[in-house]
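Have the viewer open as you read.

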Amino acid sequence: MKRACVLGHFGFGENLLNGQTIKTKIVTDELERRLPDEVVKMDTHGGWKTLLKAPFQVLKALKTSANVIIFPAHNGLRIYAPLLCMARRFFRRRKLHYAVIGGWLASYLSSKKLLTKTLKSFDAIYVETSTMKRALEELGFDNIVIMPNCKKLLPISSEELVYPTEEPYKLCTFSRVMKEKGIEDAIEAVKAVNGRAGRTAYTLDIYGQIDPAQTQWFEELKTGFPLYVRYGGLVPFDKSVEVLKEYYLLLFPTRFFTEGIPGTIIDAYAAGVPVVSARWESFGDIIDDDLTGLGYEFNNTAELTEILHKCCLAPRIALDLKEKCLMKSREFSPESVVGIMIDNLGDI
């Protein structure tokens, strides 16, 4: 009998860089480190094929492990959660755990009474923010545990902090490349500041995996890029800090109001780079306004532009935040975070 089985989107044999896969791997790696030879992994990646393999995975997980931990997105949740609850009737001493990725769960469950009832029977649901915890408790949940997002990173030292002093100041986005991540807002704001200044005060590098459903949109968007905007492609997760540390600011102009704790902001902190971000629902769970980042009203590109303009005129506004970003990064290390889940795992 193993201590835990993780049913997650590992994508074995593939180089998947989405937030779901990255978080699943990071948490599982730390579980394996803390519980050597006591963790089993099963891959839920596979699209429609998941429907065929899920029942067999669930039975094997419950048969071999005292705890079953799932990391599903929307479709996976609808498949694995009910199967686990039904099958647990034959494995009554098993504990079920659900690690939520992102901040969408409460709104998703508002019209799904059966799935809500199913999840209330789980032993623990781990959410990334206090906002999510409150929202789910309002739906009647009493099994919610806050476990922030985390990343296995080696933060730079204070001596390695980069303090740019000359224009053009380098900005970047570092998330999935899609409309909903506010990529166009970032471009519009940089163009506006540079146009107002009459020079290239900022450059903007866009990093990340292009959403497969939005390839045409991004290809068309690229045709209008000025010389100071470029697409930098994908950055391996273990190279993020090395790449980001050269930047003046990271932009996070998300249009997802229910973001959880984005891994890209944790990357930025480990690199000592402040964040300029839209104030989404859980903004305050990761960004300390005027200490580790600068927030602007959600969907207000004009305010984003104004912040960048001020940071161009007075660079110390951003540079004075760099040390605080490094300190903040410690809160999101796997060592600090995963212990919360281990404390809730049942004994064999």
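Let's start with Pro-168, which sits in the loop between strand 6 (144–146) and strand 7 (169–174). This is a predicted model, and in it the peptide bond joining Glu-167 and Pro-168 is cis, with omega at about 0 degrees. For context, most peptide bonds are trans, and most residues other than glycine have a negative phi.

Asp-37 is a residue other than glycine, yet its phi is positive, near 65 degrees. You'll find Asp-37 in the loop between helix 1 (19–34) and strand 2 (39–43). Its relative accessible area is 66%, and the cut-off for exposed is over 50%, so Asp-37 counts as exposed.

Asn-299 also has a positive phi near 65 degrees, and Asn-299 isn't a glycine either. Look for Asn-299 in the loop between strand 12 (293–296) and helix 11 (301–313). With a relative accessible area of 40%, Asn-299 is partly exposed.

## The chain as a whole

Zooming out, the protein chain has 14 helices and 12 strands. How does the radius of gyration fit a compact globule of 348 residues? Such a globule would come out near 20 Å, and the protein chain has 21 Å, so the two agree. Along the principal axes, the C-alpha atoms fill a box of roughly 70 × 40 × 40 Å.

Buried residues make up 57% of the 348 residues. If you take the contacts with a separation of 6 or more, 75% of them come from residues 24 or more positions apart.

## Aromatic pairs

The structure holds 12 aromatic pairs. One of them is Trp-217 with Phe-218: the ring centres are 5.8 Å apart and the planes meet at 45 degrees, so this pair is tilted. Trp-217 counts as buried at 12% relative accessibility, and Phe-218 is buried as well, at 0%.

A second pair to look at is Phe-257 and Phe-298, which is edge-to-face, at 5.1 Å centre to centre and 75 degrees between the planes. This pair links distant parts of the chain, 41 residues apart: Phe-257 is in the loop between strand 10 (249–252) and helix 10 (263–270), while Phe-298 is in the loop between strand 12 and helix 11. Phe-257 is partly exposed, with a relative accessible area of 41%.

## Helix 10 under cover

How many of the residues of helix 10 are buried? The count is 8 of 8. They run through Gly-263, Thr-264, Ile-265, Ile-266, Asp-267, Ala-268, Tyr-269 and Ala-270, so to speak a charged Asp-267 is on the buried list too.

What covers these buried residues? The cover includes strand 7, helix 9 (240–244), strand 10, strand 11 (275–278) and helix 13 (322–329). Helix 10 is followed by Gly-272, whose phi is positive, near 70 degrees.

Thr-28 lies in helix 1 and is buried, with a relative accessible area of 0%. Leaving out residues up to four places away in sequence, Thr-28 touches Val-6, Phe-10, Val-39 and Lys-41.

Thr-258 lies in the loop between strand 10 and helix 10, and at 28% relative accessibility Thr-258 counts as partly exposed. With residues up to four places away again left out, Thr-258 touches Gly-102, Gly-103, Trp-104 and Glu-281. For one more check in the viewer, pick the C-alpha atoms of Thr-258 and Ala-106: these residues are 152 residues apart along the chain, and the two atoms are separated by 9.3 Å.

Terms used:
Residues are numbered from 1 along each chain as its sequence is written. This is a predicted model: local features need pLDDT of at least 70, side-chain atom pairs count only at pLDDT 80 or more; totals for chains, interfaces and linings use all residues. Side-chain values use heavy atoms; hydrogens and water are left out. Helices (H or I, at least four residues) and strands (E, at least two) are DSSP runs, numbered from the N terminus. Buried means under 20% relative accessible area, exposed over 50%, partly exposed in between (1.4 Å probe, protein chains only). The radius of gyration is taken over C-alpha atoms; the globule rule is 2.2 Å times the number of residues to the power 0.38. Contact means heavy atoms within 4.5 Å. Rings of Phe, Tyr and Trp (its six-membered ring) pair if their centres lie within 6.5 Å; planes under 30 degrees apart count as stacked, over 60 as edge-to-face and the rest as tilted.
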